[in-house]
2 protein chains.
Amino acid sequence: MRESGEERFIAALRAIATSPGARGLADDAAELRLTNTTLVVTHDMMVEGVHWLPEQDAADVAYKLVAVNLSDLAAKGAMPQALLLGYMLGDADWDARFAQGLADAVEAFGVPLLGGDTVSTPAGSARSVGLTAIGRPAVVPAPSRTDARPGQALWVTGELGGALAGFEAMQAGSADAALTRPFRRPDPRIEEGLAIAPMAGATMDVSDGLLLDAARMAEASGTTIAIDSAAVPVCAALADRRIDAMTWGDDYELLFTLPESKEPSFAATRIGTVLPRGDHRLLLDGEPPATQTRLGYRHG
Amino acid sequence: MRESGEERFIAALRAIATSPGARGLADDAAELRLTNTTLVVTHDMMVEGVHWLPEQDAADVAYKLVAVNLSDLAAKGAMPQALLLGYMLGDADWDARFAQGLADAVEAFGVPLLGGDTVSTPAGSARSVGLTAIGRPAVVPAPSRTDARPGQALWVTGELGGALAGFEAMQAGSADAALTRPFRRPDPRIEEGLAIAPMAGATMDVSDGLLLDAARMAEASGTTIAIDSAAVPVCAALADRRIDAMTWGDDYELLFTLPESKEPSFAATRIGTVLPRGDHRLLLDGEPPATQTRLGYRHG
């Protein structure tokens with residue numbers, strides 16, 4: 001029921017968001033075309049109990065909120081320019097930790113916090129935080145998930161599964177900051193996004209799981225995407241759980257396509273090929289994924 | 001306690017938001033200066049039970065969310081360019097009404113919805129909605145509340161008290177849409193803001209009550225502002241409750257200062273004078289407001 005409620009609401013928004021820059025709300029970020037410049041703009045929210053656990057360090061929540069928004073800019077090959085925060089106040093300790101994480105992120109990514117709004121939280125209510133990120137794209141139009149073309153190769157940055165391994169380590173009470181970091185403080189691929197934009201076909205970030213996001217890219221592009229599972233780079237902790245690493249999400253790596261003749265100038269792994277649209281959006285080792293495989297996390 | 005928690009958090013944010021465009025977070029909107037353009041950006045949130053009542057029509061909540069953000073742009077003399085929505089899903093009927101109100105506002109104000117995020121709402125939780133508005137200022141730097149200078153005249157657009165009269169009518173079950181409209185669907189003063197920007201001193205919108213907002217303007221400018229209460233335009237329904245009309249807020253009129261030699265090109269009323277900073281930020285009919293007078297609504 002909730003899923004279809006969200007789908008209906010987004011369909012209603014789509015009828016409102018008719019400007020070309022909105023791209024039918026199919027992308028994680030939009031283009032704002034002004035007379036003499038173009039910007040990429042995005043807004044992501046996080047909700048207590050949905051996107052973070054009440055016991056999680058608020059500093060990590062803040063850092064991740066910045067990181068996931070900047071990851072949306074990275075997927076559009078845009079250099080971050082400014083942040084705006086929407087914040088529901090909690091207790092003073094939580095607020096102070098949140099401000100610390102925000103300061104850490106602003107320093108790490110070199111993007112200014114420009115303003116926003118703070119509001120009070122009704123008693124007993126879960127809190128939500130929202131962030132708007134504004135960036136300047138390296139090329140216009142910025143790459144989107146619709147631009148995969150048959151014959152292109154599919155690439156991914158980094159390793160998958162780090163966020164899941166980190167989440168599980170936190171659940172188990174691990175104090176290994178390096179192991180939990182990919183879940184707590186993901187690294188948006190800003191430089192890679194800027195580098196790839198001028199030559200990329202489709203680009204998106206892997207927020208909801210490689211298989212689901214690749215299927216979305218195929219759907220948006222009208223193609224079939226074939227992934228070679230053995231080629232997918234998976235973090236050491238999940239070496240024996242490749243499907244989990246490919247479906248859990250939250251990794252914020254970049255998934256992109258390139259002509260066969262080109263290779264990225266940075267570390268990335270070729271994991272598949274774009275094909276003309278066949279019976280399935282996605283092929284995993286030549287077959288459609290088993291119907292019991294959940295392709296990824298449909299976040300809400 | 002909560003008030004000081006918010007103040008502490010904002011002080012922490014201020015230490016992070018050090019770029020000149022953030023203006024020390026003292027303003028409702030920020031300037032984003034890019035290589036070849038400057039934008040004005042703002043983000044306002046509304047929370048169920050704080051900014052709207054559960055029984056209120058969601059279409060009006062959406063419309064007001066857009067209006068209050070555009071009012072922040074109006075105060076900076078900026079033409080709206082784009083909106084981004086952060087939305088916590090509710091039940092399907094509420095969501096549908098919200099989308100309708102959003103469509104109404106997008107049409108009324110001619111500003112495109114470009115994107116945003118929808119997230120689910122934990123059971124039993126109050127919902128929050130956030131909106132980012134991006135505009136282009138008529139002049140750079142855009143006017144701010146810091147620019148009142150002794151000798152200038154103080155002006156206000158429209159009438160005050162309409163929102164309070166509308167709120168009270170709604171509470172009393174009135175079906176008079178015209179009477180309740182100023183509370184449900186305020187009109188941001190976009191054209192007036194654009195017209196005044198090239199010649200204005202200080203400009204801000206009256207969101208929290210005339211007396212409180214005027215005191216804030218005086219504080220930010222290092223001046224004293226003297227208001228002649230008999231000159232303040234008050235809506236007919238509150239003719240006998242002038243202090244209520246000057247303190248309840250939610251009217252979204254523009255409050256601005258001009259040199260004595262100038263008058264606005266649109267309908268507005270002169271209500272006071274800017275003086276050198278004396279013992280008090282605010283004088284009402286020559287005296288500091290009675291200590292029991294609540295100057296306005298400190299929203300949170």
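This is a predicted model: local features need pLDDT of at least 70, side-chain atom pairs count only at pLDDT 80 or more; totals for chains, interfaces and linings use all residues.
1. Extent of the interface. The contact draws on 63 residues from chain A and 63 residues from chain B. About 5,100 Å² of area is buried between the two chains, and carbon and sulfur atoms give 72% of that area. On the side of chain B, the residues B:F9, B:I16 and B:L114 supply 14% of the area that this chain buries against chain A, more than any other three residues.

2. Between chain B and chain A, 14 residue pairs are in polar contact, counting pairs with both residues at pLDDT 80 or more.

3. Make-up of the chain B side. The elements of chain B that give two or more residues to the side touching chain A are the helices α1 (2-16) and α3 (92-109), together with the strands β1 (30-33), β2 (38-47), β3 (78-88), β4 (113-119) and β5 (128-137). Of these, α1(B) gives the most, with eight residues. Sorted by class, the side of chain B that touches chain A has 35 nonpolar, 19 polar and nine charged residues.

4. A stacked pair between the chains. Over all chains, the structure holds 20 aromatic pairs. In one of them, the ring centres of A:F9 and B:Y87 are 4.1 Å apart and the planes stand at 15 degrees; the pair is therefore stacked, as the angle is under 30 degrees. Because A:F9 lies in helix α1 (residues 2-16) of chain A and B:Y87 in strand β3 of chain B, the pair joins two chains. A:F9 counts as buried, at 3% relative accessibility, and B:Y87 also counts as buried, at 0%.

5. A tilted pair within chain A. The rings of A:F167 and A:W248 have centres 5.2 Å apart and planes at 35 degrees, so this pair is tilted. A:F167 belongs to helix α4 (residues 162-171) of chain A, and A:W248 to the loop between α8 (242-247) and β9 (254-258) of that chain; the pair therefore ties together parts that are 81 residues apart in sequence. A:F167 is partly exposed, with a relative accessible area of 21%, and A:W248 is partly exposed as well, at 28%.

Note on methods. Residues are numbered from 1 along each chain as its sequence is written. Chains are lettered from A and ligands numbered from 1 in the order in which they are written. Side-chain values use heavy atoms; hydrogens and water are left out. Contact means heavy atoms within 4.5 Å. Buried area is the accessible area (1.4 Å probe) that two parts lose on being put together, summed over both. A polar contact is a pair of N or O atoms within 3.5 Å; within protein, one must be able to donate a hydrogen and the other to accept it, and residues adjacent in sequence count only if both atoms are side-chain atoms. Helices (H or I, at least four residues) and strands (E, at least two) are DSSP runs, numbered from the N terminus. Ala, Val, Leu, Ile, Met, Phe, Trp, Tyr, Cys and Pro count as nonpolar, Asp, Glu, Lys and Arg as charged, and the others, Gly among them, as polar. Rings of Phe, Tyr and Trp (its six-membered ring) pair if their centres lie within 6.5 Å; planes under 30 degrees apart count as stacked, over 60 as edge-to-face and the rest as tilted. Buried means under 20% relative accessible area, exposed over 50%, partly exposed in between (1.4 Å probe, protein chains only).
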